[in-house]
Protein chains: 2
Amino acid sequence: MDVIIGIDIGGTNTKYGIIKKNGFILYENKVPTNKFKFLKDFVNYLTIELSIELKKIKNFKLLGIGIGAPNANYYSGCIENAPNLIWKGKIELKKIFQEKFNAPIIITNDANAAALGEMHFGSAKNIKDFVMITIGTGLGSGIVSNGEVIYGHDGFAGELGHTTVVNNGRNCNCGRKGCLETYVSSRGITKTYNELLLNSKFNTNKILTSEEIFNKAKDNDPLAIKTFDKTADILGYSLSNLVAITSPKIIVLYGGVVESGDLLIKPTKKYMENYLLDIFKNKTNIVKSKLNKYNGALLGASSLVLNEI
Amino acid sequence: MDVIIGIDIGGTNTKYGIIKKNGFILYENKVPTNKFKFLKDFVNYLTIELSIELKKIKNFKLLGIGIGAPNANYYSGCIENAPNLIWKGKIELKKIFQEKFNAPIIITNDANAAALGEMHFGSAKNIKDFVMITIGTGLGSGIVSNGEVIYGHDGFAGELGHTTVVNNGRNCNCGRKGCLETYVSSRGITKTYNELLLNSKFNTNKILTSEEIFNKAKDNDPLAIKTFDKTADILGYSLSNLVAITSPKIIVLYGGVVESGDLLIKPTKKYMENYLLDIFKNKTNIVKSKLNKYNGALLGASSLVLNEI
C-alpha cells in the first residue's frame, strides 16, 4: 500500500501521522515539540514511532515524507531562525531526516503546506490560482499561481503577514512597524479590542483573549463587533492589494481566528470589494478552509509529497 | 527560416515587426494607432504590410504572432476597456487576427510582454523569479514566478500600479485614491514636483514635464532631487511589500521615467532595503532594463511566441 508520512512541527506540538494518497488517515499522534532539547532526540523519537506504525501496514511503500514547519525553506531543506522553536539558528532538518528514511523528504513552511493541503483535499481542488491565509498567533500565507506554490528565488515568498498596512503602525515582533499580522491575528484582535475598551466608557483592566472577544461578539457586544469590523477592514484592504498582484480565484482562510467564521469573513469580503479595482470586483471569493485543526496540519504536510509525485 | 511577428499596440503608436528566434530584427515599422477609426482597417493594414515583408524572406516559416496591448487579456484574447485606445468595449483582437494568419496568436498586456522580453533577451535571462515594472504615463507590472508569468485566474494579475500605497491619497484615473501610479509615473513625478514648488519660495506657475524635472535634477536643483527622492520612497515602500509576497531575485525597471537611471534606482533601492523584512534584505537587486524604447516593445511582444514553443 502506498503511504505518505506527514509531520507538522509547531511551536507547541508536533503532529505526525501516516496517510493514504486519498487523504485517509491511517495513524496520527502528537508530541510536545519543546520536550526535545536536542533536535537529534526529536528526530530519533519520530523515527522510532513512525517505523513501528509503518511496519503494521501490510506491504507498505513509503512515497515520501512531507514536513511543514515555521520558517522552513523549501529549497534549502532547513529551518532558519524560527522564533518559536527551541532549536536556534539554521537547522538542517531535511538532511537529518534523510539519514533515517529512504524516501523523498520535502520541507516547507506551515502556510505553504496548508495551501497544498487545501489544493489536494480542501476548497481549492482544481483551482490553479488561489491564496491561503492562516490566521493564528500570527498571519501566514501560501500563494499558488499557475498551480504551483510561489516560493520565490530564495524559498521565503508568501510573507503577507509582514507586508506593511499602516505607516508607522503597531510594533511587530519582526522589529518593523505596521505589519498586517499586528492587526490581523489573535494578538492583533486582542490589542484592537483593548484599545477600543480604553477609549470607551466600559474601561476595565481585564485583558481578553481573541476567543473571549469572539464570544462577546456573538452576544452582540458592540465593542467586540467593532473589533472584528476593524480587523476585517485592514484584512480586506490588504487582500485588495494582493488580488491586484496575483488575482486569485479564491482566498481561503484557515486557523484559530477563522473559527469565528462569518463574523470575520463577511465584513472582510465587504471591505475587500470596496477597495478593489473595478476589473477585479465580484470575482474573488473568500471562504473558510475545509481543513480543520484536527486534520489540517497533517494533510497539509502530506500534500507536499503528493504534489511532487 | 523560422520567424515571429511582434506587434505592440500603444495608445500613440503601434510598433510591428518580424524577428528571428534569437531576437534579430529582420523588419520593423510603426503606425499611429488612432489613425484607424475601425479595428478592421487596423488589422487589414497590418496584415498587408506584414504579408509583403514576410514574402521577402526566403522559405519563411511563421512560428506565431505575439501581441502586447493595454488591458489585453491572455486567456480571452481580447482587449477589454482600454482607456487609451479609440476602440471601445471588448475587442476580440485574437479572433480577428486569427482570421488573417494561419499561425498561433498570443496576446497579453504590455507589461507582461515586457517581462517575457526581459526573460528572453534582457536582464532576466535564466531567472525564474523576477518582476518587471514599466513606468511611463502610468505604472504596469509583469510578475514571473517559477518561470511563468502570473496571469491570475482571470488574466488580469500584475496590476501593481493600482495597489493602494497612500490611504486617501491622490485621485487615480481608475476612480480610486492613493494608487501607486498616481505617485510613480511621469504624471506622478510632475505632480510631486509642482506640489513641492507650491510650498516653496520658488513658487511659479510653470508646469514642468517629468523629463524637464529629470534635467533639473541632473543640474542639482534641490526640488527636482527631492521629487525623485519622494518618488523613490513610495516605490521602495511598494516594492518591499511585493518582495514579501513573491520574493523576486531581481526587479527590472523599464520605460520612459527609468531613463533617469540612478537618479531613481539608487534611492529606490535604499528605501526598499530600509522597509524590507530582515530575511529579504540585500537579496533582491533593482536593475534598469536591457531592452530599450527602440526594440523593447517588439522583442517583448515576440517573446510571447517564444515562450510557448
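**How the two chains meet**

In this predicted model, 97% of the interface residues of chain B are also interface residues in chain A, so the copies meet through the same surface. On the chain B side, 34 residues take part in the contact, and chain A puts in 33 residues. Two elements of chain B, strand S9 (139-145) and helix H6 (222-246), each give at least two residues to the side that touches chain A. H6(B) makes the largest contribution there, with five residues. Sorted by class, this side of chain B comes out as 14 nonpolar, 12 polar and eight charged residues.

Now for the inside of one copy. Chain A splits into domain 1 (2-117 + 294-306) and domain 2 (127-288). Taken over C-alpha atoms, the centres of these two domains of chain A are 28 Å apart. Where they touch, domain 1 of chain A supplies 13 residues and domain 2 of chain A supplies 13 residues. On the domain 1 side, helix H3 (residues 110-121) of chain A has the largest share, six residues. That side of domain 1 of chain A is made up of seven nonpolar, five polar and one charged residues.

Technical notes. Residues numbered from 1 in each chain as written. Chains lettered and ligands numbered in written order. Predicted model: local features only at pLDDT ≥ 70, side-chain atom pairs only at ≥ 80, totals over all residues. Contact = placed C-beta atoms within 7 Å. Helix = DSSP H or I, 4+ residues; strand = E, 2+ residues; numbered from the N terminus. Nonpolar A, V, L, I, M, F, W, Y, C, P; charged D, E, K, R; others polar. Domains from an automatic or database assignment.
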